Amino acid sequence: MKTNPFLLTDYYKVGHVFQYPDKTELVYSNLTPRKSRINGVGEMVFFGLQYFMKEYLITYFNENFFQQPKEKVMAEYKRRIVTSLGTHLPSYEHISALHDLGYLPVEIKALPEGSKVPMRVPCLTIVNTKTEFYWLTNFLETLLSAVIWQPCTSATIAYTYRKLLNKYAEETGMPIDFVQWQGHDFSFRGMSSLETAVLSGMGHLLSFTGTDTIPAIDALEQYYNANADAELIGGSVAATEHSVMCSGSKDGELETFRRLIAEVYPSGIVSIVSDTWDLWKVCTEYLPALKETVLSRDGKVVIRPDSGDPVKIICGDPDGETEVERKGVVELLWDVFGGTITEKGFKLLDAHIGAIYGDSINIDRATRICEGLKAKGFATQVVFGIGSYTYQYNTRDTFGTAMKATYVVIDGEGQEIYKDPVTDDGTKRSATGLLNVKKEDGRFVLYDKVTWEEENESELKTVFKDGKLVKEFSLKEIRALLSD
């Protein structure tokens, strides 16, 4: 949708310009994660601001406001206000004056993207650079918040997966290089919109290289200076879906497997969905029949269960009625193809065979699968398809991300402001005044009520000012910072 960007807000924002005290000159605000609702996660990965600045503060505002005739954008704005609020605003001069100026007179200071930000420490500050546009600072809150919370949240969750999988790889002796492919983004079809899928998909790719969300790779090239010709942004493998397997018929499923691995994909990695009818028959009849074909390929055949309890399917169900149910997929694959023993003493499947599970995976289930494999003496070698069950089941409140003003200038006099609701548990209490974020012992710490000189020494550095980017970050830099 392309519309006047000053309509990309909540209705209550349009009247705030008239509500500030007379002679207000400056509004200084910050965006901060206030509270984590994910157990064991106390820091949020900051990511997505550069996308927001390029896509909205520059491209969108230029194309749909500054480069449009003033009469057109003013008529659009007035019409929407009148037909919805039922009355004219006292004045529209503030919008007209901004169009005359020709750019957004705000300055954004931010931590480097990829930073791990503790709760209650701001990721960014935003302030107007011209006194008459004091109202613009918080007018941008709705759009900024709507766009940025998802990439921050998904980047944080992906990083949590990466730490988890690194831990089990080290404990079981699995090759650590495998981990970057062990978390694979399956979420595209289950996200709330194309933009959500892209933003979340970019966040995933800060910690992994496995993805089926193709436009996330394009976005990282467009917004984060990545280059797929020179670096690995993300990748995937050939894979089937149920329509393919069904089309080969139930009676012809073995032949479908044979044709796929011997004729269609005689080399390379191919993932085959294996529960269209009987997963256990695939593991105990079809794969033994195709063993020599699988082992002679230059590549890997990946078995993909897609239904049932993921932990029981992969690790086995001790209470299962049959032996195959009690063993689970990984042990059944070991029975057929064998493998090696890692330096830590765990079984690692032959490199020609593997498994992936991508239905309703979350951090808890991934943890239980890794722990279950480890308990059975197997390296944690399964790939996880991380889908919308992980990335869509979140909100802005997952990390309580909010933008609040903490300092204003009225008639030349600076005032430290804050909120601290008596009915709240402390979550909504804001910082006060100008802010300085320092790095102490590798961790960001907030100091508020500082001077302008101290504010200028903060780790929050200018990235946008007066309609232009001042500092950019590349995917390579962000990945390096996050993994540090």
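The protein divides into domain 1 (5-150 + 401-483) and domain 2 (153-392), with bounds that come from an automatic or database domain assignment. The model is a predicted one, in which local features need pLDDT of at least 70 and side-chain atom pairs count only at pLDDT 80 or more, while totals for chains, interfaces and linings use all residues. Residues are numbered from 1 along each chain as its sequence is written, and side-chain values use heavy atoms, with hydrogens and water left out.

The C-alpha centres of the two domains are 40 Å apart. To their contact (heavy atoms within 4.5 Å), domain 1 gives 26 residues and domain 2 gives 29 residues. The size of an interface is often given as the accessible area lost when the parts come together. Here the buried area, taken as the accessible area (1.4 Å probe) that two parts lose on being put together, summed over both, is about 2,300 Å², and carbon and sulfur atoms give 59% of this area.

What kinds of polar pairing cross the interface of domain 1 and domain 2? There are 19 residue pairs in polar contact, both residues being at pLDDT 80 or more. A polar contact is a pair of N or O atoms within 3.5 Å; within protein, one must be able to donate a hydrogen and the other to accept it, and residues adjacent in sequence count only if both atoms are side-chain atoms. Salt bridges between the two domains, by contrast, number zero; the term requires a side-chain nitrogen of Lys or Arg within 4 Å of a carboxyl oxygen of Asp or Glu.

On the side of domain 1 that touches domain 2, β2 (43-45), α1 (49-66), α5 (141-172) and α18 (475-483) each supply at least two residues. Helices (H or I, at least four residues) and strands (E, at least two) are DSSP runs, numbered from the N terminus. Helix α1 provides the largest share of this side, six residues.

Over the whole structure, a search finds 16 salt bridges. In one of them, Lys54 pairs with Glu472, and their closest N and O atoms are 2.8 Å apart. This pair links distant parts of the chain, since Lys54 is in helix α1 and Glu472 in the loop between β20 (468-469) and α18, 418 residues apart.
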